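The following exercises are for study alongside the sequence and the structure.

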Amino acid sequence: MEDNIGRMPLIGDPAPSFKAVTTQGIINFPEDYKGKWVILFSHPADFTPVCTTEFMTFASMADEFKSLNTELVGLSVDSLYAHIAWLRKIQELEWNGMKNVEVKFPLIEDIKMDVAGKYGMIQSQSTTQAVRAVFFVDPKGIIRTILYYPASLGRNFNEIKRIILGLQKADKDSVATPANWEPGDDTIIPTPGSCGVAKERMENKDENKYCLDWFLCFNKEK
Ligand code: BEZ
């Protein structure tokens with residue numbers, strides 16, 4: 001069990017590959033998701049209150065993520081039968097305007113912690129439960145963002161969606177996104193790599209761009 005603690009892949013690493021049994025059949029990760037973004041997330045246990053609210057929220061947003069070419073894959077250190085029973089129970093619950101919520105994305109059975117161990121999801125908080133980890137994997141199978149939350153703190157799903165949108169925007173337009181960026185907000189032009197480019201920027205008359213200083217220039221997005 002101790003061996004599973006602390007092996008955490010990093011941003012920029014290829015997502016560790018695995019084959020797993022899920023509530024939607026066997027998956028080969030990340031091969032089955034080539035060309036798509038994936039949010040791979042873990043939760044501590046089935047039939048627990050915070051996790052239940054998280055699953056209702058994630059499942060309610062699944063179509064929004066699909067429209068962003070993004071698939072969801074969940075994991076906990078529980079059996080397939082526990083997963084099935086919990087997902088059936090979730091469908092009977094009503095909370096925060098959500099009801100009859102069907103979880104259609106795969107939930108990985110990981111009793112032996114094979115996957116959780118590869119992703120550093122078992123941490124000092126508990127050697128038998130995963131933390132609330134979220135891995136954002138890009139269409140080439142590279143880890144692009146990692147979030148870890150403790151068991152007591154439900155995740156912010158608007159932030160999870162914002163991260164996908166921000167990563168996609170950065171890739172599409174070769175820009176960065178400023179603090180509290182939301183879709184439609186101005187974006188940051190990458191820092192100049194030479195004195196010449198810095199000077200050009202400050203002399204730039206392009207009305208679609210503006211600089212606060214040579215190192216902090218924005219694209220107007222509206
Ligand atoms: C929960 O999801 O409510 C939970 C899970 C594990 C520990 C504490 C809370």
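**Exercise 1: An aromatic pair**

At 8% relative accessibility, Phe-18 counts as buried, where buried means under 20% relative accessible area, exposed over 50% and partly exposed in between (1.4 Å probe, protein chains only). The model is predicted: local features need pLDDT of at least 70, side-chain atom pairs count only at pLDDT 80 or more, and totals for chains, interfaces and linings use all residues. Residues are numbered from 1 along each chain as its sequence is written, and side-chain values use heavy atoms, with hydrogens and water left out.

Task: Classify the aromatic pair of Phe-18 and Phe-29.

Solution. Step 1: Rings of Phe, Tyr and Trp (its six-membered ring) pair if their centres lie within 6.5 Å; planes under 30 degrees apart count as stacked, over 60 as edge-to-face and the rest as tilted. Step 2: The centres of Phe-18 and Phe-29 are 5.0 Å apart and the planes are at 10°, giving a stacked pair. Step 3: Phe-18 lies in strand 1 (residues 18-22) and Phe-29 in strand 2 (residues 25-29), 11 residues apart. Strands (E, at least two residues) and helices (H or I, at least four) are DSSP runs, numbered from the N terminus. Step 4: Phe-29 counts as buried because its relative accessibility is 0%.

**Exercise 2: A second pair**

Task: Classify the pair of Phe-41 and Phe-55.

Solution. Step 1: The ring centres of Phe-41 and Phe-55 are 5.5 Å apart with planes at 50°, so the pair is tilted. Step 2: Phe-41 lies in strand 3 (residues 37-42) and Phe-55 in helix 1, so the pair ties together parts 14 residues apart in sequence. Step 3: Phe-41 is buried at 1% relative accessibility, and Phe-55 is buried at 0%.
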